[in-house]
Amino acid sequence: MTKQIHLAAHFPGVNNTTVWSDPQAGSHIEFSSFVHLAQTAERAKFDFFFLAEGLRLREQNGQIYDLDVVGRPDTFTVLAALAAVTEHLGLTGTINSTFNEPYEVARQFASLDHLSGGRAGWNVVTSWDAFTGENFRRGGFLPQDQRYERAETFMRTAWELFDSWNGHEVLADKESGVYVTEGAGAFDHHDAHFDISGRFNVPRSPQGRPVILQAGDSDEGREFAAATADAIFSRYGTLEAGQKFYTDVKRRLAKYGRTHDQLKILPAATFVLGDTDADARERAHAVRRQQVSGQTAIKFLEQLWNRDLGGYDPDGPLPEVDPLVGENTVAQGRASVRMYKDPLGTAREWRALAEAKNLSIRELIIEVTARQTFIGSAATVADSINELVQADASDGFILVPHVTPGGLDEFAETVVPRLQDRGVFRTEYTGPTLRDHLGVQPFRTT
Ligand SMILES: Cc1cc2nc3c(=O)[nH]c(=O)nc-3n(C[C@H](O)[C@H](O)[C@H](O)COP(=O)(O)O)c2cc1C
């Protein structure tokens with residue numbers, strides 16, 4: 001059976017994928033930027049708009065990392081404002097389960113679900129570092145190995161709160177003088193992380209529970225997704241890696257009494273379009289050079305080398321010294337640093353590659369850091385997306401444009417109609433809620 005594709009629009013984030021130096025680039029803080037991207041996504045009948053989360057300014061060598069855009073406004077405030085200027089589009093925000101409290105978060109999502117008429121989605125992340133935790137009252141809280149345990153119980157608690165109005169509707173019966181049925185909002189939750197009871201004061205929202213997304217990649221993270229999520233935001237956008245991830249997480253579902261189609265896999269994907277494939281390849285090359293300036297290349301290298309390399313020439317060869325092994329102290333507040341599990345081994349690979357292809361530092365970093373997922377004419381990109389989805393490498397994609405806020409316009413105007421022509425993407429929304437768009441229903445009681 002031909003699968004229908006799910007598409008989402010990621011508001012460009014705080015990293016070097018976002019090219020703020022492009023003449024077309026605008027603010028990533030002003031509301032008009034959020035409105036532009038969201039309304040483009042809605043015109044193109046996307047499933048949802050997506051916000052990532054970063055709760056502390058990133059630093060490198062003890063200074064604010066200012067080569068990329070810096071700073072971002074609060075997720076709930078942005079999504080609530082967008083609810084007023086969109087009608088159908090899902091509104092999904094990343095909110096971590098480590099530094100927050102279930103009562104507050106459940107109130108915020110239930111409220112967003114009310115204000116938007118059932119369009120709220122929650123990307124549950126555990127976040128990775130003590131550095132971010134320092135912003136909050138419990139300092140470096142919580143050790144890595146306890147974060148998923150807290151996430152799991154956070155979810156159960158939030159579900160209990162979302163469900164606390166089920167069967168207790170607002171009556172507002174003027175004759176009897178009864179406004180609400182007895183028992184509304186009652187909850188009582190006690191476990192190792194939360195010891196709370198009382199009454200939840202947001203009545204049942206249109207979706208009951210917001211759509212749950214998950215984005216951690218470890219074994220624990222994948223198990224958490226299989227147990228709790230409606231969709232996964234993954235990093236595996238290619239055929240082979242995508243299929244491997246897809247098979248792995250979908251096979252975990254049976255244990256929780258769930259079927260394959262109850263968990264959608266949505267990798268992050270970038271794209272560069274052109275009039276022809278050759279034109280797109282040329283543009284893609286230029287975009288990569290915008291994304292990795294000489295200074296950015298040095299900063300990337302420092303993250304692996306774990307030392308100050310400010311004196312090196314980005315157009316010159318790799319440093320002769322080796323990376324400093326041990327705790328990474330150069331960069332704070334970014335996930336990529338954790339990915340270098342074997343710095344000496346990675347440095348050896350990079351040296352071999354640089355030597356074989358005669359690459360400078362900058363050319364090497366352009367080569368080894370993420371490149372665009374889809375490059376080609378609109379027809380080529382539409383075919384590639386469809387092929388990956390039909391081959392079970394994913395159920396769709398969360399698209400990350402490299403220019404704020406107009407980076408999705410061309411995709412919406414040229415690729416989406418081709419997907420619609422092929423009968424694999426909706427031409428109209430068929431229901432009012434984000435659960436309708438994704439075809440997922442709440443699946444588990446607390
Ligand atoms: C594709 C992807 C996107 C993520 N986006 C965010 C984010 O926006 N904010 C955040 O705090 N963590 C984000 N994370 C981090 C995860 O929430 C998680 O905390 C981290 O990866 C550690 O969990 P793990 O060991 O299971 O991967 C993301 C992870 C992935 C794989």
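1. A residue is called buried when its relative accessible area is under 20%, exposed when this is over 50%, and partly exposed in between (1.4 Å probe, protein chains only). In helix α7, the residues that count as buried are Gly 242, Phe 245, Tyr 246, Asp 248, Val 249 and Lys 250. The structure is a predicted model, in which local features need pLDDT of at least 70 and side-chain atom pairs count only at pLDDT 80 or more, while totals for chains, interfaces and linings use all residues. Residues are numbered from 1 along each chain as its sequence is written, and side-chain values use heavy atoms, with hydrogens and water left out.

2. Helices (H or I, at least four residues) and strands (E, at least two) are DSSP runs, numbered from the N terminus. Helix α7 covers residues 239-251, which is 13 residues, and spans 18 Å from its first C-alpha to its last, close to the 18 Å expected at 1.5 Å a residue. The expected span is 1.5 Å times one less than the number of residues. The buried residues of α7 pack against α6 (219-228), β12 and β13 (264-269).

3. Ile 232 belongs to strand β12 (residues 231-234). Ile 232 is buried, at a relative accessible area of 1%. Contact here means heavy atoms within 4.5 Å. Apart from neighbours within four places in sequence, Ile 232 is in contact with several residues, including Phe 245, Val 249, Leu 263 and Ile 265. Ile 232 and Val 287 lie 55 residues apart in sequence and 28 Å apart in space, C-alpha to C-alpha.

4. Helix α10 (residues 343-357) has 15 residues and reaches 21 Å from first C-alpha to last, close to the expected 21 Å. Its buried residues are Pro 343, Gly 345, Thr 346, Ala 347, Trp 350 and Ala 354. These buried residues pack against α9 (294-305) and α11 (361-368). After α10 comes Asn 358, with a positive phi near 55°.

5. The ligand is surrounded by 17 residues, the closest being Glu 53, Val 125, Tyr 148, Ala 215 and Ser 218; a residue is near a molecule if one of its heavy atoms lies within 4 Å of it. A polar side-chain atom of Thr 126 lies 3.0 Å from an oxygen atom of the ligand. For Ser 127, a backbone N or O atom lies 2.9 Å from a ligand oxygen atom. For Tyr 148, a polar side-chain atom lies 2.6 Å from an oxygen atom of the ligand. The protein covers 88% of the 610 Å² of accessible area that the ligand has on its own, as calculated by the Shrake-Rupley method with a 1.4 Å probe.

6. Thr 132 is placed in helix α4 (residues 130-133). Its relative accessible area of 7% makes Thr 132 buried. Leaving aside neighbours within four places in sequence, Thr 132 is in contact with Leu 55, Arg 56, Phe 99 and Ser 127.

7. Some backbone features deserve attention. A cis peptide bond, with omega about -5°, joins Thr 404 and Pro 405. Pro 405 lies in the loop between β17 (396-399) and α13 (409-421). Asn 61 is not a glycine, yet has a positive phi of about 50°; Asn 61 sits in the loop between β3 (59-60) and β4 (63-64) and is partly exposed at 30% relative accessibility. Asn 306, also not a glycine, has a positive phi near 60°. Asn 306 is in the loop between α9 and β15 (331-332) and counts as buried at 6% relative accessibility.

Technical notes:
A polar contact is a pair of N or O atoms within 3.5 Å; within protein, one must be able to donate a hydrogen and the other to accept it, and residues adjacent in sequence count only if both atoms are side-chain atoms.
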